[in-house]
Amino acid sequence: TFLIFDDTTQQMYVKEREKNHRALRRQMRIVKSLNFVNYISGYINVKENTIIPLNNEQFNFTLGERNPYDVYIKEFINSIKEEYRDKLISFLDLENVKKALFSKSRIMMEVESITLGWIRITMIKSDIDDEKQVRHVMLTVQEIDEEKNKDLEREKQLLDAMEEAKRANNAKTGFLSRMSHDIRTPINGIMGMLDIALKNTSDEE
């Protein structure tokens, strides 16, 4: 009986391990198919608070091995410019992620990295449990520095154009105000003289 139990347990373990490996390979295929992801990516187990790195370019974590999520994210946050860190910590907090992904398929945030410039962080809902709570999340990070700088340049040009239009409008308003005053003054004088003349039609002088 003991041997049968041991064999059954072993078989269950092997099946579970194969199932996990299949799920991991499936997620890695998804990541590879998202060819815009070229920085880091990871597969997060929300309930276990762990992450499996699927891309090993940035941090010293072994590809495919389970790591504490908090430790991994701390390394990631240290690579971000300080002025964005507080908001990023809140964005990456798993409780906040669970709440946000309850009704959405993905959430995104753009921040500036110390070494890479602008990046876009995306948390993608991978699957849910029987209670419809998020169970696994895919983390992807995309380099968007060139794209972001173009957007910022366009935004600057738009603001400059709006400021120029505002200055032109102010100049036009000032000009019309001065012209109105310059025209009104002699007209008032003429109207006054005409009024006097009409009241004294019998006076030849």
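Read along the sequence, what pattern does the protein follow? And in what order do the strands lie in the sheet?

Modeller: This is a predicted model, and what follows should be read as a description of that model. Read along the sequence, the pattern is α-β-β-β-α-α-α-β-β-β-α, which comes to 5 helices and 6 strands. Buried residues account for 29% of the 205 residues in the protein. Of the contacts between residues at least 6 apart in sequence, 44% join residues at least 24 apart.

The 6 strands form an open sheet with antiparallel pairing, in the order β3-β2-β1-β6-β5-β4. Its edges are β3 (67–68) and β4 (106–113), each of which pairs on one side only.

From the β3 end, the next strands in the order are β2 and then β1. Strand β1 (residues 40–45) runs antiparallel to β2 (residues 50–53), and 4 bridges join them. Ile-44 has Ile-51 of β2 as its bridge partner. In the loop between these two strands is Asn-49, which is partly exposed because its relative accessibility is 29%. Asn-49 also has a positive phi of about 60 degrees, although it is not a glycine. That deserves a remark, as most residues other than glycine have a negative phi. The next residue, Thr-50, is in β2. Its relative accessible area is 11%, so Thr-50 counts as buried, the cut-off being under 20%. Leaving aside residues up to four places away in sequence, Thr-50 touches Tyr-43, Ile-44, Asn-45, Arg-66, Asn-67 and Tyr-69.

Tyr-69 leads on to helix α2 (residues 69–77), whose buried residues are Tyr-69, Tyr-72, Ile-73, Phe-76 and Ile-77. These residues lie on the same side of α2, because they cover an arc of only 135 degrees around the axis. An α-helix has 3.6 residues a turn, so residues three or four places apart point the same way. On the face of α2 turned away from the buried side are the exposed residues Asp-70 and Lys-74.

Back in the sheet, β1 also pairs with β6, in the antiparallel sense and over 6 bridges. Here Ile-40 has Val-141 of β6 as its bridge partner. Strand β6 lies between β1 and β5 in the order and is mostly covered, with 8 of its 10 residues buried. In a regular strand the side chains alternate between the two faces of the sheet.

Lys-132, in the loop between β5 and β6, has a positive phi of about 65 degrees without being a glycine. Lys-132 counts as exposed because its relative accessibility is 60%, over the cut-off of 50%. Gln-133 is in the loop between β5 and β6 (134–143) as well, but counts as partly exposed, since its relative accessibility is 30%. With residues up to four places away in sequence not counted, Gln-133 touches Lys-98, Phe-102, Asp-127 and Ile-128. Leu-101 is 32 residues from Gln-133 in sequence, and the two lie 8.9 Å apart in space, C-alpha to C-alpha.

A search of the whole structure finds 1 aromatic pair. It is formed by Tyr-84 and Trp-118, whose ring centres are 5.6 Å apart and whose planes meet at 70 degrees, so the pair is edge-to-face. The pair links distant parts of the chain, with Tyr-84 in helix α3 (residues 82–92) and Trp-118 in strand β5 (residues 117–128), 34 residues apart. Trp-118 counts as buried because its relative accessibility is 11%. Past β5, the order of the sheet ends at β4.

Conventions:
Residues numbered from 1 in each chain as written. Predicted model: local features only at pLDDT ≥ 70, side-chain atom pairs only at ≥ 80, totals over all residues. Heavy atoms only, no water. Phe/Tyr/Trp six-rings, centres within 6.5 Å; stacked < 30°, edge-to-face > 60°. Buried < 20%, exposed > 50% of the residue type's maximum accessible area, 1.4 Å probe, protein only. Pairing = 2+ DSSP bridges. Contact = heavy atoms within 4.5 Å. Arc of directions from axis to C-beta.
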